[in-house]
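Hi,

Here is the structure I said I would pass on.

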Amino acid sequence: MALGQLAVTAASAALFLIWRGGLAAVSALAGGGIAVAAGLAMTIFMFRKSAQGDPKRIVRNTYKGEAAKLVLTVVLFVLVFKFFELAALPLFVTFGAALA
């Protein structure tokens, strides 16, 4: 999944570079990076060894992973908007495409 997200992010950044220039490409990379980081955070929580064979722990880890994904997504978007001057369209388009 992460490799697919990275491929979508790279392709989107390349398209935005051609279409809108460097700022749009960097914005697309930021959006895709947020999606990849959030997905990896969820994966880490879901596939912990502590949940082996116990359905309740598996479900609990899934909920923890979703919560971590949501929190990390919000934190990363706040940081990106606070510290960087980016174009919103490429950021959100690539974020959405990488999650799909």
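**Helix packing and a few residues**

Let me start with a helix pair: the axes of α2 (residues 22-46) and α4 come within 7 Å of each other, crossing at roughly 35°. The crossing of α2 past α4 is right-handed. In case you wonder why I quote both an angle and a distance, two packed helices are described by the angle between their axes and the distance between those axes. On the α2 side, the residues that meet α4 are A24, S27, A28, A30, G31, G32, I34 and A35, and their partners in α4 are P90, L91, T94, F95, A98 and L99.

Keep in mind that this is a predicted model.

Some of those names come back when you look at T9. This residue is found in helix α1, which covers residues 2-20. Is T9 buried or exposed? T9 has 6% relative accessibility, and the cut-off for buried is under 20%, so T9 counts as buried. Beyond its neighbours within four places in sequence, T9 is in contact with A28, L29, G32, G33, T94 and A98.

Now for the outside. V71, V75, L79, F83 and F84 make up a nonpolar surface patch, and together they have about 500 Å² of accessible area. One of them, F84, sits in the loop that runs between α3 (55-83) and α4 (88-99). With a relative accessible area of 53%, F84 is over the 50% mark and therefore exposed.

L70 is another one to click on, and its place is in helix α3. Its relative accessible area is 56%, so L70 is exposed too, again by the over-50% criterion.

- The chain has 4 helices and 0 strands, and from the N terminus the order reads α-α-α-α.
- The C-alpha trace spans about 50 × 25 × 15 Å along its principal axes.
- Of the 100 residues in the chain, 31% are buried.
- Taking contacts with a separation of 6 or more, 62% are between residues 24 or more positions apart.
- The chain exposes about 6,300 Å², and 74% of that comes from carbon and sulfur atoms.

Cheers

Technical notes:
Residues numbered from 1 in each chain as written. Predicted model: local features only at pLDDT ≥ 70, side-chain atom pairs only at ≥ 80, totals over all residues. Heavy atoms only, no water. Patch = residues over 30% accessible without salt bridge, like charges linked within 9 Å, V, L, I, M, F, W, Y side chains within 5 Å. Areas by Shrake-Rupley, 256 points an atom, 1.4 Å probe, with all protein chains shown as cover. Salt bridge = Lys/Arg side-chain N within 4 Å of Asp/Glu carboxyl O. Helix = DSSP H or I, 4+ residues; strand = E, 2+ residues; numbered from the N terminus. Buried < 20%, exposed > 50% of the residue type's maximum accessible area, 1.4 Å probe, protein only. Axes fitted to C-alpha atoms, helices over the stretch in contact; angles between N-to-C directions. Left-handed = near helix turned anticlockwise from the far one by under 90°. Contact = heavy atoms within 4.5 Å.
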